[in-house]
Amino acid sequence: MSQTSILELVSDPWLPLVYTGIYMMLAGAVCMFVFGKRRKGVRSKGEM
Amino acid sequence: MSWEELIYFAIISVLLWAVGAWAAWRDKVVVAYTSTVIGLIVFFSYIIMMWISLERPPLRTMGETRLWYSFFLPLAGIIVYSRWKYKWILSFSTVLALVFICVNLFKPEIHSKTLMPALQSPWFAPHVIVYMFAYAVLGASTVMAGFLLIRGQEKEDRGQEILDNLVYVGLAFMTIGMLFGALWAKEAWGHYWSWDPKETWAAITWFAYLIYIHYRQLPKHHPRLALWLLIFSFILLQMCWWGINYLPSAQGSSVHTYST
């Protein structure tokens with residue numbers, strides 16, 4: 001058992017921006033799941 | 001409900017999944033769906049009863065995460081089957097689920113009842129469940145990649161298409177799991193990313209699958225190398241999942257170690 005407790009105060013002025021980024025990536029992941037399917041016949045250039 | 005009862009639920013579930021897998025080979029689509037889904041319900045009811053009797057989600061120990069893995073494999077299998085009607089996928093998922101059930105039956109890791117404070121959070125269940133689903137899908141993609149390599153069919157379009165789709169779904173869920181983890185970490189530890197050994201390996205795994213996806217987009221890529229890349233990525237994933245527990249650098253220092 002630990003004998004000490006540490007109280008930490010964290011100031012993070014960039015937090016809203018980081019959260020925006022995290023939610024954008026979340027949206028990206030959801031989009032990849034929903035729309036990311038590779039369909040038959042759809043091929044990238046030169047991949048024949 | 002305890003680990004002792006797992007065997008009864010497991011036998012019924014595996015038998016039902018096996019019937020589903022057999023029905024898929026015989027093109028009995030309705031039987032395949034019904035049997036697999038009933039098997040999933042039986043297995044999930046065991047998980048729920050464990051959840052109730054433990055008074056916490058069964059997600060903390062390796063044994064408990066394997067339980068979810070055994071559940072998600074046939075679930076991922078039936079989703080893939082419903083989407084692309086591959087006859088072999090249910091056999092795959094059943095065998096893999098059986099392997100994990102056997103590990104749990106012969107080597108259960110039984111732990112105490114209470115959840116440590118850091119894990120008592122609403123983020124806990126989504127974070128781990130999403131990851132387990134991603135691992136199950138990526139596990140299926142690894143078996144599929146090995147299958148194509150052994151059969152020498154690495155240039156077969158249909159196989160490549162399944163693999164790409166599995167990796168897209170797997171990476172999507174992996175990303176969601178990681179971001180949920182970041183949001184939770186900010187709340188619990190004060191920072192969303194602290195380069196903990198588990199986080200570092202999660203990042204390595206994430207990049208490995210990202211590299212696979214981008215490599216496959218290159219006009220002149222080698223399909224064989226792409227398959228090996230996928231197998232290698234899954235080895236990295238194993239490091240992240242349980243391998244770090246044996247690494248000297250993670251001994252006692254990882255905030256993701258909850259075994260003591």
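Where in chain B does Trp193(B) lie? In this predicted model, Trp193(B) is found in the loop that joins α6 and α7 of chain B. The residue counts as partly exposed, because 16 C-beta neighbours lie inside 10 Å. Leaving out residues up to four places away in sequence, Trp193(B) touches Ala182(B) and Glu199(B). Between the C-alpha atoms of Trp193(B) and Ile162(B), which are 31 residues apart along the chain, the separation is 33 Å.

The fold of chain B was examined next. Chain B contains eight helices and zero strands, and its elements, read from the N terminus, follow the order α-α-α-α-α-α-α-α. The C-alpha trace of the chain spans about 50 × 45 × 30 Å along its principal axes. The radius of gyration of chain B is 19 Å, which agrees with the value near 18 Å that a compact globule of 260 residues would have. Of the 260 residues in chain B, 41% are buried. When contacts in chain B between residues at least 6 apart in sequence are considered, 75% of them join residues at least 24 apart.

Chain B is divided into two parts, domain 1 (1-108) and domain 2 (121-246). The contact between them takes 14 residues from domain 1 of chain B and 14 residues from domain 2 of chain B. On the domain 1 side of this contact, α3 and α4 of chain B are the elements that give two or more residues. The largest share of that side comes from α3(B), with eight residues. By class, the side of domain 1 that touches domain 2 in chain B has 12 nonpolar residues, two polar residues and no charged residues. The C-alpha centres of domain 1 and domain 2 of chain B are 21 Å apart.

The helix α3(B) was also considered by itself. Its end C-alpha atoms are 32 Å apart, which agrees with the 33 Å that its 23 residues should span at 1.5 Å a residue. α3(B) is mostly covered, with 17 of its 23 residues buried. Lys85(B) follows α3(B) and has a positive phi, near 55 degrees.

The largest nonpolar core has 78 residues, and those that touch the most other members are Phe72(B), Met132(B), Ala134(B), Tyr135(B), Ala136(B), Val137(B) and Phe173(B). At least two residues of this core are supplied by each of α1 (6-25), α2 (29-54), α3 (62-84), α4 (89-106), α5 (124-151), α6 (157-189), α7 (197-217) and α8 (223-241) of chain B. The element that gives the most is α6(B), with 16 residues. Both domain 1 (1-108) and domain 2 (121-246) of chain B contribute, each with at least three residues in this core. In soluble globular proteins, nonpolar side chains tend to be buried together. Setting aside neighbours within four places in sequence, Phe173(B) is in contact with Val130(B), Phe133(B), Ala134(B) and Val137(B).

Several loop residues of chain B were then inspected. Most residues other than glycine have a negative phi. Asp27(B), which is not a glycine, has a positive phi of about 65 degrees. Asp27(B) lies in the loop between α1 and α2 of chain B, and counts as exposed because 10 C-beta neighbours are found inside 10 Å. Glu55(B) is likewise not a glycine and has a positive phi, of about 60 degrees. Glu55(B) is part of the loop between α2 and α3 of chain B, and is exposed, with 9 other C-beta atoms within 10 Å. Thr61(B) also lies in the loop between α2 and α3 of chain B. With 16 C-beta neighbours inside 10 Å, Thr61(B) counts as partly exposed. The C-alpha atoms of Thr61(B) and Pro108(B) are separated by 9.6 Å, although the two are 47 residues apart along the chain.

On chain A, 17 residues are in contact with 17 residues of chain B. The side of chain A that touches chain B is made up, by class, of eight nonpolar, three polar and six charged residues.

Conventions
Residues numbered from 1 in each chain as written. Chains lettered and ligands numbered in written order. Predicted model: local features only at pLDDT ≥ 70, side-chain atom pairs only at ≥ 80, totals over all residues. Contact = placed C-beta atoms within 7 Å. Nonpolar A, V, L, I, M, F, W, Y, C, P; charged D, E, K, R; others polar. Core = buried A, V, L, I, M, F, W, Y, C linked by C-beta atoms within 7 Å. Buried ≥ 20, exposed ≤ 12 C-beta atoms within 10 Å, placed from the backbone. Helix = DSSP H or I, 4+ residues; strand = E, 2+ residues; numbered from the N terminus. Domains from an automatic or database assignment. Rg over C-alpha atoms; globule rule 2.2 N^0.38 Å. Expected span 1.5 Å × (residues − 1).
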